[in-house]
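Please walk through this model with the sequence and the structure side by side.

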Amino acid sequence: MNLTSLASRVFDDPSRTFGVTLWNGQSLPPTSPTRPQVVLGSPRVLALLIPPVSEWRLAEAFARGEIEVAGNLVELVEALGRWSGPRWGVAAPPAVRA
């Protein structure tokens, strides 16, 4: 499975009302219109979503510019709170781990 397909699978959940733009420009549209977008600047960001998720590591990736927000940050935080979280199903492939 390639990393783009893996990212699509990770974010494939009807509770995800925010959009996701991948490092290659591919867009995973939100389930609701006019929602903020999370922009993943690198496939390495997927490794940060492998449980246990570390908010500290996500904040560091945001500070480095590997994660960006397009749209209203407050709306994004609210949408993230409603999201069920990443759907791995099985362990992520070793190529994704940081």
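Strands S1 and S2 pair in the antiparallel sense over 2 bridges, where two strands count as paired if DSSP finds at least two bridges between them, and in this pairing Thr21 stands opposite Ser27 in S2. The model is a predicted one, in which local features need pLDDT of at least 70 and side-chain atom pairs count only at pLDDT 80 or more, while totals for chains, interfaces and linings use all residues. Residues are numbered from 1 along each chain as its sequence is written, and side-chain values use heavy atoms, with hydrogens and water left out.

Strand S1 (residues 19-21) also pairs with strand S3 (residues 37-40), here in the parallel sense and over 3 bridges, and Thr21 stands opposite Val39 in S3. S3 in turn pairs with strand S4 (residues 67-70) in the antiparallel sense over 4 bridges, with Val38 opposite Val69 in S4. Taken together, the 4 strands form an open sheet of mixed pairing in the order S2-S1-S3-S4, and its edge strands, S2 (27-28) and S4, each pair on one side only. In a regular strand the side chains alternate between the two faces of the sheet.

Around this sheet, the secondary structure of the protein comes to 4 helices and 4 strands, following the pattern α-β-β-β-α-α-β-α when read along the sequence. Helices (H or I, at least four residues) and strands (E, at least two) are DSSP runs, numbered from the N terminus.

How much of the protein is buried? Of its 98 residues, 37% count as buried, where buried means under 20% relative accessible area, exposed over 50%, and partly exposed in between (1.4 Å probe, protein chains only). In soluble globular proteins, nonpolar side chains tend to be buried together. Here the largest nonpolar core has 19 residues, and those with the most contacts inside it are Phe11, Phe18, Val20, Leu22, Val38 and Leu40. The elements that give two or more residues to this core are helix H1 (3-10), S3, helix H2 (44-47) and H4, and its largest share, 3 residues, comes from H1. A nonpolar core is a set of buried Ala, Val, Leu, Ile, Met, Phe, Trp, Tyr and Cys residues joined through side-chain atoms within 4.5 Å. Leaving aside neighbours within four places in sequence, Phe18 is in contact with Phe11, Pro30, Arg35, Pro36, Val38, Leu76, Ala79, Leu80 and Trp83.

Not counting residues up to four places away in sequence, Thr17 touches Pro30, Thr31, Ser32, Arg35, Ala79 and Arg82.

Val45, in helix H2, is likewise classed as buried because its relative accessible area is 2%. Beyond residues up to four places away in sequence, Val45 touches Leu40, Glu66 and Ile67.

Which residues lie nearest the centre of the largest pocket? They are Val38, Leu49, Leu58, Ile67 and Leu80, from a lining of 20 residues. S3, helix H3 (55-64), S4 and helix H4 (73-82) each supply at least two residues of that lining, which by class has 18 nonpolar, 1 polar and 1 charged residues.

Two further residues are partly exposed. Glu68 is found in strand S4, and it falls in this class because its relative accessibility is 45%. Its C-alpha atom is separated by 8.3 Å from that of Gln37, 31 residues apart along the chain, and, neighbours within four places in sequence aside, Glu68 is in contact with Gln37, Val38, Val39 and Phe62. Val53 lies in the loop between H2 and H3 and is partly exposed because its relative accessible area is 34%; not counting residues up to four places away in sequence, Val53 touches Leu48 and Leu58.

Technical notes
1 Å grid on protein atoms, 1.4 Å probe; cavity = no way out; pocket = protein on both sides within 12 Å on 5 of 7 lines; lining within 4 Å. Nonpolar A, V, L, I, M, F, W, Y, C, P; charged D, E, K, R; others polar. Contact = heavy atoms within 4.5 Å.
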